[in-house]
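Biologist: Could you walk me through this structure slowly? I am new to reading these.

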Amino acid sequence: MFQKKNIITAIELGSSKVCVLIGVADKNGNIVISGHGEVESDGGICKGEIIDMDVALEKLSAALDEADKSSDEQIDRNNIFVAVTGSDISSSQGVVAVMIMDEDRKVTEEHIDESVRNAAKGLQHNTRTEINCFDSYFMIDESRRLRNPLEQVANKLEAFIHVIHGDSNRIENYKSILNDVGFDEEPIPVFSGVASAYGVLTETDKESGVLLIEMGAGTTEFLD
């Protein structure tokens, strides 16, 4: 029996160009690029915002055609990622406490999931859309800071969560233009700085801490 391939399509609508990458992920999560499309934006996008929907739609369609022709893999319309950027994107840190009521008082995966989920939920706003969410660190019993609290004995678990969010209407424009080119499933938004971090940073870089600066034609972003 043949194993189904995990095909990923990444789209970036930039100020100078529209890019599309088609890749196949192996069982370890490594991506092999199989197709690439790139065309000039011609004024359709500026500083992370679609300012001319007709031009942007034309350029996105052309980039998708290029990527499709250069690839021997068919685009998986249920696995689309779109990079988002712009001056409206910001981040916030939330914190939520969970009391450990189990008899052995050990922190479980359920406690961690509950704390992370509720911390992110507390930052939601009807004019803002969550783009990416990361757990920064955990605190147990208000005194011990840990990266991974699993199986620790504690009375109280606090999750400190970092959420990157953007203007809901701008993000809806990204989703709308992808619907217009035939993608019925909702794309997964990714902050451009996060996408760059996954592409260029090693695990050692992430653990040690670095300042990543991405300089584009219309915006410059950083991630630390």
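**The open sheet**

Modeller: Keeping in mind that this is a predicted model, we can begin with an open sheet of four strands, which follow the order β7-β10-β8-β9 with antiparallel pairing.

Biologist: Which are the edge strands?

Modeller: They are β7 (90–99) and β9 (144–146), each of which pairs on one side only. From one strand to the next, the twist averages 35°.

Biologist: How many bridges join β8 to β9?

Modeller: There are three bridges between these antiparallel strands, and M139 stands opposite R145, a residue of β9.

Biologist: And what packs on the sheet?

Modeller: The helix α2 does, touching β7, β8 and β10 (156–167), and its direction makes about 40° with that of β10.

Biologist: New topic: which residues touch the most other members in the largest nonpolar core?

Modeller: That core has 31 residues, and those with the most contacts to other members are I11, L13, L60, L64, L178 and F183. Several elements supply at least two residues each, including β1 (6–13), α1 (53–70) and α3 (168–180), and α1 gives the most, with five.

Biologist: What does I11 touch, leaving out residues up to four places away in sequence?

Modeller: Its contacts include L60, L64, L178 and F183, and also C19 and V20.

Biologist: Last one: is Q124 buried or exposed?

Modeller: Q124, which sits in the loop between α2 (109–121) and β8 (128–140), counts as exposed because its relative accessible area is 56%, and the cut-off for exposed is over 50%. Its C-alpha atom is separated by 9.5 Å from that of V163, although the two residues are 39 apart along the chain.

Technical notes
Residues are numbered from 1 along each chain as its sequence is written. This is a predicted model: local features need pLDDT of at least 70, side-chain atom pairs count only at pLDDT 80 or more; totals for chains, interfaces and linings use all residues. Side-chain values use heavy atoms; hydrogens and water are left out. A nonpolar core is a set of buried Ala, Val, Leu, Ile, Met, Phe, Trp, Tyr and Cys residues joined through side-chain atoms within 4.5 Å. Buried means under 20% relative accessible area, exposed over 50%, partly exposed in between (1.4 Å probe, protein chains only). Contact means heavy atoms within 4.5 Å. Two strands pair if DSSP finds at least two bridges between them. Axes are lines fitted to C-alpha atoms, for helices over the stretch in contact, and angles run from 0 to 180 degrees between N-to-C directions.
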